[in-house]
Amino acid sequence: MAAAAVDPSTVAAVSSDSDSDDLHLLLPNLLPTTTAAASASDVKLHHFHLPALPSPITVRTLPSLGLTFQLWPSASTLLRLLPASPHLLPRAPTPESPLGILELGSGTGAAGLALAAALPAHAVLSDLPTAIPNLCHNASLNAPLLDSRGGSVSVVPLPWGDAAAMEAVAAASSRFDLVVASDVVYYEALVDPLIETLRFFVKGEVVFVMAHMRRWKRTDKKFFAKARKVFDVEVVHEDPPLEGWRHGPVVCRFTEKKQHGKK
């Protein structure tokens, strides 16, 4: 999700305390009022090499524009785990029948682009409107690889909890098998809109896979307490702690709770 520009070193300092719930003090405005252009020196290209792919996934980051335009640690975990873990997928994809994936809070789109190429899948990358131009740029960077692998992507604005936007995304897609997200539980005010969005898309046989860094106890507790009322939640993977952090990314698999007596 889009965020106001924050010094990454300051965020890292707060993030090293897993019981801290103070990020909201650093992010007074999650919806920036400006989309100022980044300088040429601020543009960075990041490459992800996956065993299944003949060439790397490449994404552009623009750190000075805010947290949405940077790489968060769980995206790398998600994009590497899912292609190597077919048991976590709702069904086996093939070039003739790729998975339908919706990525929430795509940011740079690294995870969604990698999954589209590696599985293969048709991935819908979504975020706030300010993130869309960079997502489109990154989709273009990887278009030749996606074409060669039988994958594809589209990019849409999707503010969480926005009923009209959710309906539009659903109407434009034939089906979603899988919803994915990485590092989206970080701001308490976004918990309810995120849960509302998940309730809309994660139904029936649709699976939600989320990579998550444990940062802020209160926000995490609120999210998972609400999520477990609607979904069965299983921790399926945990990376070792990152340098300077207490935890590594955790990957959870969410499925809709079956109604009592309903098969």
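How many disulfides does the count come to? It comes to 0, taking a disulfide as a pair of cysteine sulfur atoms within 2.5 Å. Welcome to this predicted model, in which local features need pLDDT of at least 70 and side-chain atom pairs count only at pLDDT 80 or more, while totals for chains, interfaces and linings use all residues. Residues are numbered from 1 along each chain as its sequence is written, and side-chain values use heavy atoms, with hydrogens and water left out.

**View 1. The whole chain.** Let us start with the protein chain, whose secondary structure comes to 9 helices and 9 strands. Helices (H or I, at least four residues) and strands (E, at least two) are DSSP runs, numbered from the N terminus. Of the 263 residues, 49% count as buried, where buried means under 20% relative accessible area, exposed over 50%, and partly exposed in between (1.4 Å probe, protein chains only). The chain exposes about 11800 Å², and carbon and sulfur atoms supply 56% of that area; accessible areas come from the Shrake-Rupley method with a 1.4 Å probe, and for residues only the protein chains shown count as cover. Contacts (heavy atoms within 4.5 Å) tell us about the fold too: among those between residues at least 6 apart in sequence, 73% join residues at least 24 apart.

View 2. Cysteine 136 counts as partly exposed because its relative accessibility is 34%. Cysteine 252 has a relative accessibility of 3%, so it counts as buried.

View 3. Two strands pair if DSSP finds at least two bridges between them. β3 pairs with β4 (residues 121-127) in the parallel sense over 5 bridges, and glutamate 103 stands opposite leucine 125 of β4. With β6 (residues 178-182), β3 also pairs in the parallel sense, over 3 bridges; there, leucine 102 stands opposite valine 179.

**View 4. Strand β4 and a crossover.** Follow β3 through helix α4 (residues 110-118) to β4, and you trace a right-handed β-α-β unit. Right-handed here means that, with the strands pointing away from the viewer, the path from the first strand over the helix to the second runs clockwise. β4 has 6 of its 7 residues buried, so this strand is largely enclosed by the rest of the structure. Histidine 122 in β4 is the bridge partner of glycine 100. β4 also runs parallel to β5 (residues 152-157), joined to it by 6 bridges, and alanine 123 has valine 153 in β5 as its bridge partner.

**View 5. The buried side of helix α8.** In α8, the buried residues are Val191, Leu194, Ile195, Thr197, Leu198 and Phe201. They lie on the same side of α8 because they cover an arc of only 160° around the axis, the arc being that of the directions from the helix axis to the C-beta atoms. An α-helix has 3.6 residues a turn, so residues three or four places apart point the same way. The cover over the buried residues of α8 includes β3, α7 (163-172), β6, β7 (207-212), α9 (217-230) and β8 (231-238).

**View 6. Tyrosine 187 in its loop.** Tyrosine 187 is found in the loop between β6 and α8 (191-201). Its relative accessible area is 17%, so tyrosine 187 is buried. The C-alpha atoms of tyrosine 187 and phenylalanine 223 are separated by 10.0 Å, with the two residues 36 apart along the chain.
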